[in-house]
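Thanks, everyone. I'll take a few minutes on one model. Have a look at it first.

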2 protein chains.
Amino acid sequence: MLFRWLSAAVGIPLFLGVTLWSREAFAAGVLLLALLALAEMLAAYGEKDLRPNPLLAGAGVALPAWAWAFAARSGSSLDVGRVVLPAATLLLLLAFTWEVVVAARTGEMRAGRNVAYGLLCGVMLSLFAGMTWLRMDSAPVAAGLFPRIDSGAAWLLLTVFCVWATDSFALFAGKAFGKRKLAPKLSPGKTVEGALGGLAAALAFGALFGWMFVGSWKVGLAVGAVAGVFGQMGDLFESALKRELEIKDFGALLPGHGGVLDRFDSLLFVAPLVALLLPVLPR
Amino acid sequence: MLFRWLSAAVGIPLFLGVTLWSREAFAAGVLLLALLALAEMLAAYGEKDLRPNPLLAGAGVALPAWAWAFAARSGSSLDVGRVVLPAATLLLLLAFTWEVVVAARTGEMRAGRNVAYGLLCGVMLSLFAGMTWLRMDSAPVAAGLFPRIDSGAAWLLLTVFCVWATDSFALFAGKAFGKRKLAPKLSPGKTVEGALGGLAAALAFGALFGWMFVGSWKVGLAVGAVAGVFGQMGDLFESALKRELEIKDFGALLPGHGGVLDRFDSLLFVAPLVALLLPVLPR
């Protein structure tokens with residue numbers, strides 16, 4: 001518990017500092033997180049004698065890496081026909097060829113399984129790019145209380161604080177009022193009352209933080225709704241993955257919090273969704 | 001053996017007829033093949049108590065479907081930022097949510113596995129779009145012997161004939177000269193001599209067909225090289241998948257040939273690669 005507080009006491013200011021500092025630094029930090037998460041996934045699946053294809057798992061950091069290049073150069077763009085599809089096709093055929101060679105040499109028939117788990121790791125890691133997209137947003141926001149911070153930083157802080165509010169109040173409400181189990185087979189500690197408490201807090205704090213950071217309580221309410229529903233869903237999905245692997249945490253990088261994937265599970269679901277919502281939210 | 005010849009006697013003229021007829025009809029046919037292959041994969045993995053996530057497996061036909069829409073409307077385009085990434089993100093989060101609900105209800109911890117195999121099926125099926133891309137090409141080709149057929153049809157015929165030449169002569173050379181096993185654990189019948197015979201035939205017939213269909217033996221040689229190497233690689237990869245599942249064929253649609261995936265295994269690897277090469281091949 002002490003370690004948990006110490007990690008938070010270092011981690012939170014670090015995260016906020018990098019977020020406010022610059023979008024380039026933030027994007028580089030997200031890329032680093034994605035690389036750490038790649039190592040965590042390969043280790044956790046390796047323990048269960050699953051061997052995700054390394055090319056496909058590694059390609060999962062391509063999107064965070066591209067987002068970083070985009071933030072740093074401010075304008076690298078992607079053409080589906082000329083860049084994305086050719087690159088994806090080549091990568092796939094290379095990964096298949098790799099598995100054919102491995103199978104022919106070892107005689108172990110696991111090519112399909114290795115490709116399948118490689119793709120699973122790859123798509124999970126690509127979700128890290130969602131945070132960078134949010135941070136990169138440069139469309140003007142209505143003035144909140146902090147007009148001197150970038151709009152991208154404002155969106156990111158709003159989203160992260162909504163996720164934190166969800167997590168904290170879900171825990172509190174669950175401990176205080178929890179009666180009916182939410183998904184006992186998946187995550188025995190969670191209750192329906194806790195989940196509803198988390199959602200209620202996300203909406204309330206979302207409205208407050210929306211008013212503070214982007215000058216609109218309605219927009220904050222929408223971000224809070226996404227965090228309240230999909231943050232908890234991301235948490236449950238990672239629980240399902242971990243229970244399937246019979247592990248408690250994906251890693252041990254952050255004492256008391258587990259690994260990168262354990263700490264960022266909710267945000268991995270919420271950040272890409274909020275980034276998708278940005279163009280349709282009223283400013 | 002009789003069924004094998006009968007299937008070919010109906011299948012080959014049908015395939016050639018649709019190819020020459022129109023690119024819309026061809027693209028619709030490829031979409032149909034991808035849907036049949038989807039049913040084959042879900043059935044084959046289901047037999048092994050693997051349950052590919054249906055949303056992700058089904059999304060594998062999105063690319064062939066888009067290619068069909070493109071062929072039919074002649075101009076629908078895709079924007080990575082505004083269409084592809086948002087659609088992919090929503091699909092992923094929907095599939096994850098689906099698996100959380102299934103896991104919470106059944107108590108079976110297989111969310112990661114279902115997502116992994118769903119992605120495997122999805123990417124395999126998306127390769128069908130390669131054939132449509134080839135057929136859609138409308139850049140002028142140097143006149144071959146058949147100046148009245150579309151350039152797309154010419155590219156497709158060149159590619160398909162190179163694949164057929166590879167397969168037929170690999171079989172022949174293997175039977176006539178085969179001594180050293182190529183990959184005994186994967187596909188015991190294949191020999192090094194057979195593979196080299198297939199490659200040699202692909203190069204020779206590639207040059208000939210290149211001269212006939214696109215007026216350039218050099219371009220034909222390049223297409224033959226892709227077919228000779230990656231056609232055989234596609235064959236081996238599908239063998240690896242089938243051996244892993246302990247099945248002989250993915251389906252039984254084409255008597256004597258197995259299913260759609262069994263018949264189109266080489267072309268699934270070769271067509272997307274040739275389509276990628278098109279912009280850099282000399283005309």
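A quick term before we start: helices are DSSP runs of H or I with at least four residues, and strands are E runs of at least two, numbered from the N terminus. This is a predicted model, so local features need pLDDT of at least 70 and side-chain atom pairs count only at pLDDT 80 or more, while totals for chains, interfaces and linings use all residues. Residues are numbered from 1 along each chain as written, chains are lettered from A and ligands numbered from 1 in written order, and side-chain values use heavy atoms, without hydrogens and water.

Start with Gly17(A). It sits in helix 1 of chain A, residues 2–21. Gly17(A) is partly exposed, at 35% relative accessible area. On that scale, buried is under 20%, exposed is over 50%, and partly exposed lies in between, with a 1.4 Å probe and protein chains only.

Now the two chains. A 180° rotation with 0.0 Å of shift along its axis puts chain A on chain B, RMSD 0.0 Å.

How do the copies meet? Through the same surface, because 100% of the interface residues of chain A are also interface residues in chain B. Contact here means heavy atoms within 4.5 Å.

Next, helix packing in chain A. Helix 10 (residues 217–245) and helix 12 (residues 265–277) pack at about 140°, axes 7 Å apart. Axes are lines fitted to C-alpha atoms, for helices over the stretch in contact, and angles run from 0 to 180 degrees between N-to-C directions. The contact includes Phe230(A) and Phe237(A) of helix 10 and Phe269(A) of helix 12. By class, that contact has 12 nonpolar, three polar and three charged residues. Nonpolar covers Ala, Val, Leu, Ile, Met, Phe, Trp, Tyr, Cys and Pro; charged covers Asp, Glu, Lys and Arg; the others, Gly among them, are polar.

Last stop: Glu246. Most residues other than glycine have a negative phi. Glu246(A) has a positive phi of about 60°, and it is not a glycine. Glu246(A) lies in the loop between helix 10 and helix 11 (260–263) of chain A. Buried or exposed? Glu246(A) is exposed, at 62%. In chain B, Glu246(B) has a positive phi of about 55°. Glu246(B) also counts as exposed, at 62% relative accessibility.

Conventions. Least-squares fit on C-alpha atoms with pLDDT ≥ 70 in both.
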